[in-house]
Amino acid sequence: MKKIARKVWVISAIILLIITAFLVFQFQMPHRDVVSLEADYSISANELVDEYLLDPKKANQKYLDAEGDSKILSVNGKVSKFEKDLAGNIVLLLKQENSKAGIQCTFTKKTNKHTKDIKIGDLVQIKGVIRSGASYDADLQMYEDVILEKCDIKQSLEF
């Protein structure tokens, strides 16, 4: 009986060790570096918002991969708001005056400094990944913005 209990304990310890090693590996696995990778799509802020408001399912099929991870987008638009989030990251809102919704672009600690010369009204090209698409919230009776994260300024535009 003691031998069986000891075997069960050893097998359980081995399984626990394997699960722990797998979790540590997943946690330590490097995240994709959005800044250094090429964009999969280049689109205007208005077009991206309109695609999500018109057909969110179709937009998700286009901009998300099979696992639900966002493809990398390069978005052109006019800066209408400039603020910091609670973590100290810069958040730019790309939105035209007549648009129902815009695109909130959240930068990272590493890329915050790239926004230092950006002002409200500037036309910019920002690279990032989608966290959520634009939608209409019937309870609040308002439109919600597309949210891009891991953003960086690709370039300032001049028109």
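**Overall fold and strand pairing**

The protein chain contains three helices and eight strands. The model is a predicted one. Read from the N terminus, the order of elements is α-β-α-α-β-β-β-β-β-β-β.

The overall dimensions were examined next. The C-alpha trace of the protein chain spans about 80 × 35 × 30 Å along its principal axes. The radius of gyration is 22 Å, whereas a compact globule of 159 residues would have a value near 15 Å.

Of the 159 residues in the protein chain, 32% are buried. Among contacts with a separation of 6 or more, 62% join residues 24 or more positions apart. The accessible surface amounts to about 11000 Å². Carbon and sulfur atoms contribute 58% of this surface.

The charged side chains comprise 23 positive and 22 negative groups. The centres of these two sets are 11 Å apart.

Within the strands, S5 covers residues 123-132. This strand is mostly covered, with seven of its ten residues buried. Its partner S2 covers residues 72-84. S2 and S5 pair in the antiparallel sense, and seven bridges link them. In this pairing, Leu73 stands opposite Gly128 of S5. In a regular strand, side chains alternate between the two faces of the sheet.

Note on methods: Residues numbered from 1 in each chain as written. Predicted model: local features only at pLDDT ≥ 70, side-chain atom pairs only at ≥ 80, totals over all residues. Heavy atoms only, no water. Helix = DSSP H or I, 4+ residues; strand = E, 2+ residues; numbered from the N terminus. Rg over C-alpha atoms; globule rule 2.2 N^0.38 Å. Buried < 20%, exposed > 50% of the residue type's maximum accessible area, 1.4 Å probe, protein only. Contact = heavy atoms within 4.5 Å. Areas by Shrake-Rupley, 256 points an atom, 1.4 Å probe, with all protein chains shown as cover. Lys, Arg positive; Asp, Glu negative; His and termini not counted. Charge placed at Lys NZ, Arg CZ, Asp CG, Glu CD. Pairing = 2+ DSSP bridges.
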